[in-house]
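Here are my notes on the model you sent. Please read them with the structure open.

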Amino acid sequence: MRAQERPAPPVVSVTSRDVSLARRLERAEAAACAAIVDARARVEPAVGATRIDVAGATALYDGVGSPLTQSFGIGLFDPFGVAEFERVEAFFAERGAVAA
């Protein structure tokens, strides 16, 4: 089948159940990772592990290169505008964890 003959992809709609599930999953993963970051902050303070909450989202820092250094829930809970993005970006940049 040639490219122009391929059927159109199915239309995917987002339901309130999908958003509700996404929020629950983001909260659960953020809480689990935050517990680890909080523990690292207590046990290995030199790492500088910390976290912040911004507009319902959670940004975690567990060291440069750590898989826990990431954010969860951006835009899922509260509006997330330029000021909020700048705050999260500054949080990571201040710790040397910038996107590649």
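1. Basis. This is a predicted model: local features need pLDDT of at least 70, side-chain atom pairs count only at pLDDT 80 or more, and totals for chains, interfaces and linings use all residues. Residues are numbered from 1 along each chain as its sequence is written, and side-chain values use heavy atoms, with hydrogens and water left out.

2. Sheet. Three strands form an open antiparallel sheet, in the order β1-β2-β3. Strands are DSSP E runs of at least two residues, helices are H or I runs of at least four, and both are numbered from the N terminus. Two strands pair if DSSP finds at least two bridges between them. The edge strands are β1 and β3, each pairing on one side only. The twist averages 20° from one strand to the next. β2 and β3 pair over three bridges. A59 stands opposite S71 in β3.

3. Helix packing. α1 packs on the sheet and touches β1, β2 and β3; its direction makes about 30° with that of β2. α2 also touches β1, β2 and β3, with its direction at about 175° to that of β1. Contact means heavy atoms within 4.5 Å. Axes are lines fitted to C-alpha atoms, for helices over the stretch in contact, and angles run from 0 to 180 degrees between N-to-C directions.

4. Helix α1. The helix covers residues 16-43, 28 residues in all. At 1.5 Å a residue (times one less than the number of residues), α1 should span 40 Å; its end C-alpha atoms are 40 Å apart, which agrees. A30, C33, A34 and V37 are buried (under 20% relative accessible area; exposed is over 50%, partly exposed in between; 1.4 Å probe, protein chains only). An α-helix has 3.6 residues a turn, so residues three or four places apart point the same way.

5. Cores. The largest nonpolar core has nine residues: V54, A57, A59, Y61, F80, V88, F91, F92 and A97. A second, separate core of eight residues includes V37, L60, L68 and F72. A nonpolar core is a set of buried Ala, Val, Leu, Ile, Met, Phe, Trp, Tyr and Cys residues joined through side-chain atoms within 4.5 Å.

6. T58. This residue of β2 is buried, with a relative accessible area of 9%. Beyond four places in sequence, the contacts of T58 include A30, Q70 and F72.
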